[in-house]
Amino acid sequence: MRIFNYSIEELHLMLQERRISANELLKETIGITQKYNPVYKPFVQLDFNTYSESANELDEKIKTGESIPRMAGLPVGVKDIFNTVDFPTQMGSEIWKGFTPGNDARVVSYLRNAGMSVIGKTVTAEFAVHALNETLNPYDVARTPGTSSSGSVVAVALGMVPIALASQTAGSIIRPGSFCGVYGFKPSFGLIPRTGALKTTDSLDSVGYFVSNVNNLRPVLDCIRVRGPNYPMSYQAFKDENRLSAPKNRPWKVAILKGKTWDLASEECKLQFDKFVNSLEKQGVIPELVDIDFLNDPHAIHENIYNKSLSYYFEAESKNVEVISSVMSEMIRKGKSITAADYVESLQRQSSHIIKVDRMLSDYDVGISLSTGSVAPLRNEVEVDDPSLIWTLTHLPALNVPLFKSTENLPFGLQVVSRKYNDYKLLSFVEQFASRGTFPTGCVMDHYD
C-alpha cells in the first residue's frame with residue numbers, strides 16, 4: 001500500500017512505535033516527487049532541506065522515547081497563493097514571479113506548529129482563477145485536472161504528500177477532487193483564516209485542503225480552523241452537539257440536491273449517482289429529493305460578484321496586457337462593465353440565498369449531489385456548470401468523496417454538503433460511511449504509469 005494511504009493517526013503510531021522512521025517517510029516523499037513532478041508538474045517549487053532537518057530531529061526524539069505531535073514528520077504541499085517565509089509566492093502569475101512575502105499565511109503557520117514540513121508550493125492557475133496551467137491529470141494527461149487547485153490535488157493523488165492546502169472561490173477544490181479522485185474539503189466560509197492568502201473575492205474566497213485518507217479530514221480541520229469567542233458565530237455553533245456528530249437514535253436524513261445543473265450532467269454520472277441514492281435506504285438513511293430551483297440564477301450572481309471583484313483587485317495587473325492571460329483579461333473587462341449598484345444587488349441576492357439554503361437544510365443532516373456533471377473534460381473543452389459553485393456562493397461546507405469511476409476508469413465524485421458550521425456533522429457522515437466500506441478510505445493512486 002502507498003505510504004500516504006495510511007492516515008495521520010496510523011502514521012503517527014508507526015513513527016512512535018519505530019515501525020517506520022521520519023527519514024524513511026522523507027525518502028519515500030523525495031523518491032515519488034522527483035520521479036513524477038517532472039511528468040505531471042504539480043509543484044512549481046520544491047525544497048527538501050527543512051524536511052530533512054526536521055526528520056533527523058524527530059528520529060532523535062523518538063529514540064529517546066519522547067512523545068511527538070500527531071502530524072510530526074509529515075510533508076505538506078501549499079498552493080502558491082499562500083504566503084510562505086521560505087518560498088516565493090507567485091500566484092501563478094509572471095507579473096509576481098519571484099515575490100517573497102517574508103511571512104507565513106496563518107494556515108501555514110498552524111501546520112508547521114503541528115509538526116508538518118512544507119516541501120514546496122503547488123501550481124495554481126493565474127491568480128487562482130480559470131486559466132489552465134501546466135499540471136497534468138494523472139488519470140489521463142489529455143484531460144484537465146481542474147484549474148486553480150490542480151497542483152495540490154495532483155500532489156495528493158500521486159502520493160507525494162498526504163495533505164495539500166487549496167482554495168475555492170467557485171469550484172476549485174470540489175472540481176479537481178472529482179476529476180482526480182481525491183478527498184477535497186471546503187469548510188464553511190470563514191472557518192479557515194485567510195490571513196496571508198491571495199484575495200480575489202471577499203464574499204466567496206474559501207480556504208480548504210485535499211487529503212489522501214478520509215480519516216485525515218478531521219485532524220486537519222482541527223488544526224487550521226479558527227477558535228474561541230473572538231469568532232462568535234462558529235464559536236456558538238460548535239457549542240451545539242447536534243451540529244457536531246451523527247444523529248442519535250434515528251437514521252441520517254439526507255437531502256438529494258439535483259437542480260438545474262443536473263440536466264447538464266452526463267447520463268453515466270446521473271446513473272451512478274441515482275444508483276448510490278437508491279442504496280441509501282438499505283444503509284439506514286432517509287433520502288429525500290429536495291427542490292433547489294428556488295435559487296434564482298446563482299451562477300449569474302456568482303459571476304457578477306466574481307468579475308467585479310477581480311476588476312477591482314487586479315486593475316494594476318490588467319495593464320500588463322502582454323503577460324496577463326486572455327481568460328483573466330476577459331473577466332476583468334466584464335467586471336468593469338458591472339455598475340456599483342448591480343454589484344451591491346448581487347451581494348444582497350447572495351445574502352438572501354445564504355438564508356434560504358440554511359433554512360432548506362435545517363431539516364436534514366447532510367445533502368448530496370454530483371461533484372461534477374462529467375469526468376474531467378479534455379484540456380481544450382469547456383467544463384459544464386456544476387453544483388459546487390452554488391454551495392460556495394451560499395457559504396456551505398462541501399466535500400468531494402472520490403466514489404465513482406466511469407467505464408473509462410476515470411474518477412468523478414459525490415459531493416456532500418451541510419448547513420453552515422455543521423462541518424463536523426458532515427465529516428461524521430463521511431467517516432461513518434467510509435468505516436462501512438461504502439466510501440473509500442485512502443485515495444492515492446495504485447499506479448502512476
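**Salt bridges, helix faces and a strand pairing**

Reader: Where do E60 and K63 lie, and how many residues apart are they?
Author: Both residues belong to helix α3 (residues 49-63), and they are 3 residues apart, about one turn of the helix. Helices here are DSSP runs of H or I with at least four residues, strands are runs of E with at least two, and both are numbered from the N terminus.

Reader: Before we go on, what kind of model is this?
Author: This is a predicted model, in which local features need pLDDT of at least 70 and side-chain atom pairs count only at pLDDT 80 or more, while totals for chains, interfaces and linings use all residues. Residues are numbered from 1 along each chain as its sequence is written, and side-chain values use heavy atoms, with hydrogens and water left out.

Reader: Back to that pair: what do the side chains of E60 and K63 form?
Author: They meet in a salt bridge, at 3.6 Å from N to O. The term requires a side-chain nitrogen of Lys or Arg within 4 Å of a carboxyl oxygen of Asp or Glu.

Reader: Which distant parts of the chain does R250 link with D365?
Author: R250 and D365 form a salt bridge whose closest N and O atoms are 2.8 Å apart. R250 sits in the loop between α8 (232-237) and β7, and D365 in the loop between α13 (340-361) and β9, 115 residues apart. R250 is partly exposed at 38%, whereas D365 is buried at 2% relative accessibility.

Reader: And what is the salt bridge partner of R143?
Author: The partner is E408, with the closest N and O atoms 3.8 Å apart. This pair also links distant parts of the chain: R143 is in the loop between β3 (117-122) and α5 (150-157), E408 is in the loop between β10 and β11, and the two are 265 residues apart. R143 is buried at 13%, while E408 is exposed at 53%.

Reader: Staying with β10 and β11, what do they form?
Author: They form a hairpin with 5 residues between them, and N409 in the turn has a positive phi of about 65°. The two strands run antiparallel and are joined by 6 bridges; strands count as paired if DSSP finds at least two bridges between them. V401 has L414 of β11 as its bridge partner.

Reader: Over how many bridges does β9 pair with β11?
Author: That pairing is antiparallel over 4 bridges. S369 is the bridge partner of Q415 in β11.

Reader: How many residues of β11 are buried?
Author: 7 of its 7 residues are buried, so β11 is largely enclosed by the rest of the structure.

Reader: New topic: which residues of α9 are buried?
Author: They are C269, K270, F273, F276 and V277. These residues cover an arc of only 130° around the axis, which puts them on the same side of α9; the arc is that of the directions from the helix axis to the C-beta atoms. The face turned away from that side carries the exposed residues E267, L271, K275 and N278.

Reader: What covers the buried residues of α9?
Author: The cover includes β7 (252-257), β8 (285-290), β9 (366-370), β10 (398-405) and β11 (411-417), contact being heavy atoms within 4.5 Å.

Reader: Which residues of α4 are buried?
Author: In helix α4 (residues 106-113), V107, V108 and L111 are buried. Seen down the axis of α4, they fall within an arc of 100°, so they line one face of the helix. Just after α4, G115 takes a positive phi of about 105°.

Reader: Lastly, how many residues has the largest nonpolar core?
Author: It has 115 residues, and Y183, I368, V430 and F439 have the most contacts inside it. Helix α15 (residues 423-435) gives the largest share, 7 residues. Apart from this core lies another of 15 residues, among them I174, L361, W391 and L396. A nonpolar core is a set of buried Ala, Val, Leu, Ile, Met, Phe, Trp, Tyr and Cys residues joined through side-chain atoms within 4.5 Å.

Note on methods: Buried < 20%, exposed > 50% of the residue type's maximum accessible area, 1.4 Å probe, protein only.
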